[in-house]
Amino acid sequence: MSEILAFHGVQKQYPDRPVIRFPDWRLAAGNHGLVLGPSGCGKSTLLALAGGLLTPERGTIDLNGETISGLTEGERDRRRARLVGLVFQTLHLVSALSIANNLALAQYTAGQPIDRQRIRHLLAAMGLESMTNRMPETLSQGQAQRIAIARALVTRPKLILADEPTSALDDASAKRTASLLLEQAGTCGASLLIATHDHRLRGIFPTVLELEPEPA
Ligand SMILES: Nc1ncnc2c1ncn2[C@@H]1O[C@H](COP(=O)(O)OP(=O)(O)OP(=O)(O)O)[C@@H](O)[C@H]1O
Ligand SMILES: [Mg+2]
């Protein structure tokens, strides 16, 4: 089976910080994974490495069968635009643009033609069609969270990286958001990798990667 992501001997070091050593692991294409561990263990760093936002000092990272860890920043940006959808805890929607135009901007940034029909269908499928012409600051936190998911999906990525998408939510909303991510990833045929310290998600993911606490 082909792999969407593989880490081998990966080490990352921020200036004047201890080295973070990541275990070797792989995620099969179409499978979903959860990265768990206490605050500071390197979960967000792992996602940033997986999406090519950071590069490791040692080891290799393969994305969709290609080693991205040795590529230049511009080359990694292009792979990310083509293959990866990012969902962050803070939303980064552009406040001057409507919801539909935020999604159109994501397509444009990924070098894709703007596809208004795709945007309409996706928002409808996620129960968000009434948000189409709203401005970001008029949304509730839960609505904005779902829009952030829609924005990550609108480019049809092969890998969705979500950093703490449920930690700030109550149990019912956390479960709904996780189900929505899984359902939409399934519809796109994408793999979903969630980094969280939220153990409520453990039961619903087949692949769980536990990172060790950072050294004292
Ligand atoms: N830009 C940075 N510069 C220096 N150190 C950093 C930077 N980003 C993260 N670190 C350090 O790297 C380690 C891992 O951080 P990371 O954000 O990946 O952890 P995390 O598991 O996502 O934590 P949390 O659960 O709190 O989000 C921590 O010790 C953190 O202080
Ligand atoms: Mg984090």
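This report walks through the overall build of one protein chain and then looks at a few of its residues.

**The whole chain**

The model you see is predicted. Its mean pLDDT is 91, and 98% of the residues reach 70 or more. That confidence can also be followed element by element: helix H6, covering residues 171–188, has the lowest mean pLDDT among the elements, at 84. At the other end of the range, strand S5 (residues 58–63) has the highest, at 98.

How does the overall size fit together? The C-alpha atoms fill a box of roughly 45 × 40 × 35 Å along the principal axes. A compact globule with 216 residues would have a radius of gyration near 17 Å, and because the chain has 17 Å, the two agree.

Of the 216 residues, 48% count as buried. The accessible surface of the chain comes to about 10,600 Å², and 50% of that belongs to carbon and sulfur atoms. As for charge, the chain carries 23 positive and 21 negative charges, and their mean positions are 5 Å apart.

**Two residues with positive phi**

Now let us zoom in on the backbone. Asn-64 is not a glycine, yet its phi is positive, at about 50 degrees. You can find Asn-64 in the loop between S5 and strand S6 (66–67). Glu-164 is not a glycine either, and it has a positive phi of about 50 degrees. Its place is the loop between strand S8 (159–163) and H6.

Are these residues buried or exposed? Asn-64 is partly exposed, with a relative accessible area of 32%. Glu-164 has 9% relative accessibility, so it counts as buried.

**A buried arginine**

Arg-80 sits in helix H2, which spans residues 73–83. Which residues does Arg-80 touch, leaving aside those up to four places away in sequence? They are Gly-51, Gly-52, Leu-53 and Leu-86. Arg-80 has a relative accessible area of 14%, so this residue is buried.

| Residue | Relative accessible area | Class |
|---|---|---|
| Asn-64 | 32% | partly exposed |
| Glu-164 | 9% | buried |
| Arg-80 | 14% | buried |

Technical notes. Residues numbered from 1 in each chain as written. Chains lettered and ligands numbered in written order. Predicted model: local features only at pLDDT ≥ 70, side-chain atom pairs only at ≥ 80, totals over all residues. Heavy atoms only, no water. Rg over C-alpha atoms; globule rule 2.2 N^0.38 Å. Buried < 20%, exposed > 50% of the residue type's maximum accessible area, 1.4 Å probe, protein only. Areas by Shrake-Rupley, 256 points an atom, 1.4 Å probe, with all protein chains shown as cover. Lys, Arg positive; Asp, Glu negative; His and termini not counted. Charge placed at Lys NZ, Arg CZ, Asp CG, Glu CD. pLDDT = per-residue confidence, 0-100. Helix = DSSP H or I, 4+ residues; strand = E, 2+ residues; numbered from the N terminus. Contact = heavy atoms within 4.5 Å.
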